[in-house]
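I opened the notebook today to go through some helix packing and a chain contact, one item at a time. Here is the structure I was looking at.

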Amino acid sequence: MNDHKPNMLAPALIGGAVAGVLSGIPFLNCFCCLWIIGGAVLASYLLAKDSPVSLTSGDGAIVGALAGISAAVVDSLVGIPLHGLNVAVMRRMMERLSEFADEMPSGWENWLDRTGGGVSIAMFFMGLFISAAVFAALGALGGIIGTSLFGKKKAQGAEIAH
Amino acid sequence: MKKGPNTVLMTWLLVLLGGLLWNAALFAAPLLRQEAPVVSAMIYAAFSPVCHQIPERSFFFRGFPLAVCGRCLGIYLGFSAGTILYPFLHRFSRPFLPATSIFVLVSLPIGLDTAGNFLGLWTSPIGLRLAAGLVWGSVLPFYLITGLYEVLRLFSGNFRLKSPGQTN
């Protein structure tokens, strides 16, 4: 965006990796979208730290969206070894759901058995694409919040306006 | 060139539409559970990386839980409510980011509630989770509209064809 601003890729990858790992661990996902927004805030902070000039909210949106996309990739990769655990968690959740729901759809146990057997390549990439879109939106939001918190630079005692 | 207000309006419409679609998907998941179980499962799966989806902490619709928990529902509904309020508070002048103090203030309820529940200090009723999410979510569009506006302005500036004789 600007010659004076550092490359966004490294901060986005670091923020995305942190967010992806944390959101991929079953127990820690109780924090919902916080990890994605937090990872994007981290990416924005890292970008601001290395930038000699103030960042705009547009910079935050781009670095945050990139962090969200890389978080989706990391989350999917982390999910591969944890797939069995995730299915077990999902099964427990569905069993609890059956106590709450009026009527479960027929054959839901078989649907779980199908997913429990492994993930096809097509399903993996489809899931990754959807996750990337959702994560990018939340990441953009986190990146903008990050620039509002860390993006302003003071030069010689005077604040540089956006 | 008159691009400011038009770009803000376009950005606002994009965010409004995106938010409404997002919220519609939350309700579509339980709604389609019987009629289109595959589509419903895909929606549940799409939101699973960004929400725990625990039924006890979720609102139900047509006998099934929504695609996200009560707190997340509050955030997303608050987001749409904030987007609808946006023109009344900011009009369509050049958007700007909210003050940090406002962000801290609206983050306090959801931060305290989440931390308290995680640490086992208390268990909030679902209505309180929803309310905390609503408060936090309502300020988020003021960030997203500002950021998206900057991005759209940047890209429209880069890709706009220059007319003959136009210097910039």
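This is a predicted model: local features need pLDDT of at least 70, side-chain atom pairs count only at pLDDT 80 or more; totals for chains, interfaces and linings use all residues.

**Entry 1: α1(A) against α2(A).** I listed who meets whom here. From α1(A) come A:Pro11, A:Ala12, A:Ile14, A:Gly15, A:Gly16, A:Val18, A:Ala19, A:Leu22 and A:Ser23. Their partners in α2(A) include A:Trp35, A:Ile36, A:Gly38, A:Gly39 and A:Ala40, along with A:Leu42, A:Ala43, A:Leu46 and A:Leu47.

I then looked up the geometry. The axes of α1(A) and α2(A) come within 8 Å and cross at roughly 160°. Angles over 145 degrees count as roughly antiparallel, so that is the label for α1(A) and α2(A). The crossing of α1(A) past α2(A) is right-handed.

**Entry 2: α2(A) against α3(A).** Next I took α2(A), residues 34–50, with α3(A), residues 57–79. Their axes come within 8 Å, and the crossing is at roughly 130°. These two helices are therefore oblique to each other. α2(A) passes α3(A) in a right-handed crossing.

Which residues of α2(A) make the contact? I found A:Ile36, A:Gly39, A:Ala40, A:Ala43, A:Ser44 and A:Leu47. On the α3(A) side I noted A:Asp59, A:Gly60, A:Val63, A:Gly64, A:Ala67, A:Gly68 and A:Ala71. The contact of α2(A) with α3(A) divides into seven nonpolar, five polar and one charged.

A reminder on spacing: an α-helix has 3.6 residues a turn, so residues three or four places apart point the same way.

**Entry 3: chain B on chain A.** How many residues of chain B are in contact with chain A? I get 33 residues of chain B, meeting 34 residues of chain A. On chain B, α2 (37–47), β2 (64–65), α3 (70–90), α4 (100–118) and α5 (126–159) each supply at least two residues of the touching side. α5(B) gives the most, with nine residues. By class, the side of chain B that touches chain A has 23 nonpolar, seven polar and three charged residues.

**Entry 4: a closer look at α4(B).** I checked the length of α4(B) against its span. At 1.5 Å a residue, its 19 residues should span 27 Å, and the end C-alpha atoms are 25 Å apart, which agrees. I also found a bend of about 40° in α4(B) at B:Leu108, with a proline, B:Pro109, following within four residues. Just after α4(B), B:Gly120 takes a positive phi of about 75°.

Terms used:
Residues are numbered from 1 along each chain as its sequence is written. Chains are lettered from A and ligands numbered from 1 in the order in which they are written. Two residues are in contact if their C-beta atoms, placed from the backbone, lie within 7 Å. Ala, Val, Leu, Ile, Met, Phe, Trp, Tyr, Cys and Pro count as nonpolar, Asp, Glu, Lys and Arg as charged, and the others, Gly among them, as polar. The expected span of a helix is 1.5 Å times one less than its number of residues. The bend at a residue is the angle between axes fitted to the seven residues ending there and the seven starting there. Axes are lines fitted to C-alpha atoms, for helices over the stretch in contact, and angles run from 0 to 180 degrees between N-to-C directions. Angles under 35 degrees count as roughly parallel, over 145 as roughly antiparallel, 65 to 115 as roughly perpendicular and the rest as oblique. A crossing is left-handed if the near helix is turned anticlockwise from the far one by less than a right angle, and right-handed if clockwise.
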